[in-house]
Amino acid sequence: MGSPEDLLRRCQQPMEDLTVAFKQYEVMGMYDQMDPDVSDFFRLAKVVEGCRFVAARSCPELEADSLSLLQNLYQKPIIPIGLMPSEVKDSERERDQSWDSLKQWLDEKIQNSVLYIALGTEVTLSQDQMNELASGIEKSGLPFIWVVKTRGDPIIIGFKARVSGHGLVWVHWAPQKRILAHPSDGGFLTHCGWSFVIEALGFDRVLILFFCGIFGSWVGGKIHFR
């Protein structure tokens, strides 16, 4: 697929005429998170080249234009298999040992007032990104639950003290579907991962899309919600 510079040079149309366009810092961010010897772009191209058709977790009612575009790009049949939204099952309730404290916190908040923030298991933010995200969350003044992976991050340590009155920094595994299903939750700030997006849509939550350098998620954020 070439270097970031090659990807940018292949774009023949002016940037302002494109529905989806790469900015150089976005492409470089993708490459920084990939295997330097075999990029994700190369892996994707080889998989598509070797398959007979592509099954997409989507439906024409939501993404007719995008599915048509994908078929033109891949030159393969695209079979939409539906969104397959997930549900909160009784068996999950029994396993969610962390849910009691989260539910108690959410029960005290006004309906649709809480912002839920989760960026998946594979996204690793730089210190600058963590600082910017924490600053934005703090300035919003909204009640929130932020799921983070690193308990000892110096930004998080100071941040937790400043927002303790209205925010909850959660450093454990979080029962995401149960949080999204709670009446107090009103929005979801996420890395554009398609499974996360589908869960939010299933519970009718407002989406705030935060691109974190993951190629598929970037395309999801750019194409589906412009």
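Reader: What makes β3, helix α7 and β4 a right-handed β-α-β unit?

Author: A crossover is right-handed if, with the strands pointing away from the viewer, the path from the first strand over the helix to the second runs clockwise. In this predicted model, β3, helix α7 (residues 127-140) and β4 make such a right-handed unit. Helices (H or I, at least four residues) and strands (E, at least two) are DSSP runs, numbered from the N terminus. The model is predicted, and local features need pLDDT of at least 70, while side-chain atom pairs count only at pLDDT 80 or more. Residues are numbered from 1 along each chain, and side-chain values use heavy atoms, without hydrogens and water.

Reader: Why is the pair of Trp146 and Phe159 called edge-to-face?

Author: Rings of Phe, Tyr and Trp (its six-membered ring) pair if their centres lie within 6.5 Å; planes under 30 degrees apart count as stacked, over 60 as edge-to-face and the rest as tilted. The centres of Trp146 and Phe159 are 5.5 Å apart and their planes stand at 85 degrees, so the pair is edge-to-face.

Reader: Why does Trp146 count as buried?

Author: Buried means under 20% relative accessible area, exposed over 50%, partly exposed in between (1.4 Å probe, protein chains only). Trp146 has 1% relative accessibility and therefore counts as buried; Phe159, at 0%, counts as buried too.
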